[in-house]
Amino acid sequence: MKKMLLLFALTACNQPTTGWPDPVPGEPFVVATAEDSARTNGPFMRIHPIGQHPEMIHDNIDQQPTLKIEEWLSATNPLADFGRILKPGQAMEMAAFGGGLTAGVMNGGITRESQQTNYTNLLAHQMGIKNFEMPLFDKEHYNGTGYYVYRKKESGYPQWNRVVNNTISLLPGSPPTMPEYMGKISNYAMPDGDAERYVHGANCESCGLNKLLLSRIKRYIPPQPGQAFRKIREDVPYNFVVIEEFFDWWMRSIRMTGQIGVYSFNGSILNSGRITDYALNGILGSRPKGVIFTIPRYQDLPYMEWYSRHKLIKRGWGLYISFNRNGIADQIVDASRPFTMIPSAKLHHLFENFSRGGEFRVNFEDFEVIDEDEAFMSDPQQHYNGKIREYAAEKDLAVVDLFDLYQRIHQGGYKTDDGVLVDGTAYGNFFSSDGIYPSPLGQAIISNEVTKAINKHYGANIPLIDIAGFVQTTGFQK
């Protein structure tokens with residue numbers, strides 16, 4: 001109580017001004033060669049939430065795949081009962097749409113191994129589906145876009161090394177493109193994206209990363225909006241669909257929006273009272289069965305706990321935090337109330353150099369801090385997850401409650417059905433080193449949550465993954 005009163009007093013008596021100095025981050029990491037720059041300082045870096053801060057990325061390293069995922073995938077399962085999903089005589093044809101979680105983003109990149117351990121691929125295995133095809137990177141380019149590993153886990157504040165060997169080569173041009181993937185595709189998810197990217201295709205504004213990745217499957221870039229889904233259905237006449245449409249959209253708004261409000265996420269639900277996404281209706285045009293996901297809170301992600309306000313309050317005797325709105329430092333953060341700071345090189349520098357017992361002084365830009373009101377406005381449980389459930393009921397979709405799962409893992413002590421302890425902290429076993437997307441273990445847990453939702457909603461009987469066996473067979477280590 002004494003510390004809280006002191007914080008109030010300091011804020012009231014010593015309000016920040018526009019003259020406050022902003023700490024200068026450390027010297028940026030210098031990319032050694034043009035080849036390295038093309039691989040790691042180009043658009044793929046944006047997959048990692050800290051990719052635009054090269055000061056946080058240190059050494060380029062080589063690394064080989066470590067998991068025996070193909071051995072696990074080769075095992076057979078009991079025959080699945082699909083309940084009321086299929087009509088008599090139908091065979092299962094599954095397709096998936098979504099963002100980074102569904103695309104296989106892991107450790108800030110996409111690799112052949114992360115695609116193989118993606119929850120949709122694991123789900124297809126449990127279903128016994130032989131015709132589900134991830135757009136895998138070839139065996140020579142197994143590290144795909146490249147990825148990031150924690151450099152020092154003992155320091156408390158994360159830094160990364162960049163894995164650069166055996167990555168995909170870009171084709172020259174303006175803009176550069178990726179070699180086209182010519183095989184069958186069942187998973188159409190895009191990192192930092194959603195199905196709307198297919199609607200806009202090459203005309204999408206501020207979509208450099210997605211335009212690059214769409215060039216890998218350019219036969220689905222439509223000449224007219226909405227034609228992509230028609231083309232996909234012609235190539236893969238799916239009767240079951242996985243839709244994980246909103247999470248990346250939500251995180252983009254959290255990380256890049258100044259004044260966060262409900263309209264930052266989807267203003268249409270305020271006008272119409274329901275989800276009206278054009279892309280969703282395009283995906284569900286043939287009325288397939290399927291699943292849709294709720295949105296977890298950003299507060300349940302390690303990404304938002306790397307630089308915790310709780311640790312900051314414990315270390316300092318005075319916190320002076322303001323943020324610019326309308327170009328001046330006119331908003332004061334009440335340190336006794338919930339707030340979050342967006343991870344960046346500047347924030348890392350502040351925490352690294354803030355001595356215990358000192359004063360913490362900083363003026364952030366508006367998008368760098370989320371105050372209490374913005375936290376409420378960005379809570380998906382308040383404004384959106386209910387609409388997802390309504391939409392699911394209308395379209396006869398099962399609901400996978402990621403909100404509940406992530407919250408329970410964040411609270412600690414969560415165990416899988418077969419007793420594996422799950423750690424949702426930054427260096428734990430559920431999330432990968434980007435602090436946003438799951439590890440292979442996390443993907444297996446999510447696959448089981450999808451299976452449970454399908455079994456319950458459609459009266460199906462699809463076997464769950466033996467998580468302990470998955471860990472043992474693949475050799476996964478956190």
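This is a predicted model: local features need pLDDT of at least 70, side-chain atom pairs count only at pLDDT 80 or more; totals for chains, interfaces and linings use all residues.

Reader: What makes helix α6 stand out in the lining of the second largest pocket?

Author: Helix α6 covers residues 119–127, and it provides the largest share of that lining, four residues. The pocket itself holds about 390 Å³ of space. It is lined by 19 residues, and the closest to its centre are Asn121, His125, Ile129, Lys130 and Phe132. By class, that lining has 11 nonpolar, six polar and two charged residues.

Reader: And what about the largest pocket: which strand gives the most to its lining?

Author: That's β3, with four residues. The volume of the largest pocket is about 610 Å³. There are 31 residues lining the largest pocket, with Gln63, Thr66, Asn107, Val149 and Gln477 the closest to its centre. Both α5 (112–116) and β3 (147–150) supply at least two residues of the lining. As for class, the lining has 13 nonpolar, 14 polar and four charged residues.

Reader: How do you know that both faces of β3 are covered?

Author: Look at each side in turn. Tyr147 and Val149 are on one side, Tyr148 and Tyr150 are on the other, and all are buried. Buried means under 20% relative accessible area.

Reader: Why are β3 and β4 called a pair?

Author: Two strands pair if DSSP finds at least two bridges between them.

Reader: Why is Ser114 called buried?

Author: The cut-off is under 20% relative accessible area. Ser114 has 3%, so it counts as buried. You'll find Ser114 in helix α5. Leaving aside neighbours within four places in sequence, Ser114 is in contact with Gly104, Met106 and Gly109. The side chain of Ser114 also reaches the backbone oxygen of Gly104 at 2.7 Å.

Reader: What makes the link between the side chains of Glu93 and Asn131 a polar contact?

Author: The distance is part of it: N or O atoms have to be within 3.5 Å, with one able to donate a hydrogen and the other to accept it. The side chains of Glu93 and Asn131 are joined at 3.2 Å, and that contact is listed as polar.

Reader: Why is strand β6 described as largely enclosed?

Author: Because four of the five residues of β6 (residues 289–293) are buried. Strand β5 (residues 240–244) pairs with β6 in the parallel sense over four bridges, and Phe240 stands opposite Lys289. Strand β12 (residues 397–400) is also joined to β6 by four bridges, again parallel, and there Phe293 has Val400 as its bridge partner.

Reader: What makes a space a cavity or a pocket?

Author: The way out decides: in a cavity a 1.4 Å probe fits but cannot get out, whereas a pocket is open. The structure holds five cavities of 30 Å³ or more. The largest cavity has about 180 Å³ of space, and among its 13 lining residues the closest to the centre are Gln115, Pro135, Ala189, Met190 and Arg216. That lining has 10 nonpolar, two polar and one charged residues.

Reader: Which helix gives the most to the lining of the second largest cavity?

Author: Helix α10 (residues 247–256), with four residues. The volume of this cavity is about 120 Å³. Its lining has eight nonpolar, one polar and five charged residues.

Key
Residues are numbered from 1 along each chain as its sequence is written. Side-chain values use heavy atoms; hydrogens and water are left out. On a 1 Å grid over the protein atoms alone, a cavity is a set of points where a 1.4 Å probe fits but cannot get out, and a pocket is an open set with protein on both sides within 12 Å along at least five of seven lines; lining residues have an atom within 4 Å of a point. Grid points are joined across faces, edges and corners, and a volume is the space filled by probe spheres set on the points. Ala, Val, Leu, Ile, Met, Phe, Trp, Tyr, Cys and Pro count as nonpolar, Asp, Glu, Lys and Arg as charged, and the others, Gly among them, as polar. Buried means under 20% relative accessible area, exposed over 50%, partly exposed in between (1.4 Å probe, protein chains only). Contact means heavy atoms within 4.5 Å.
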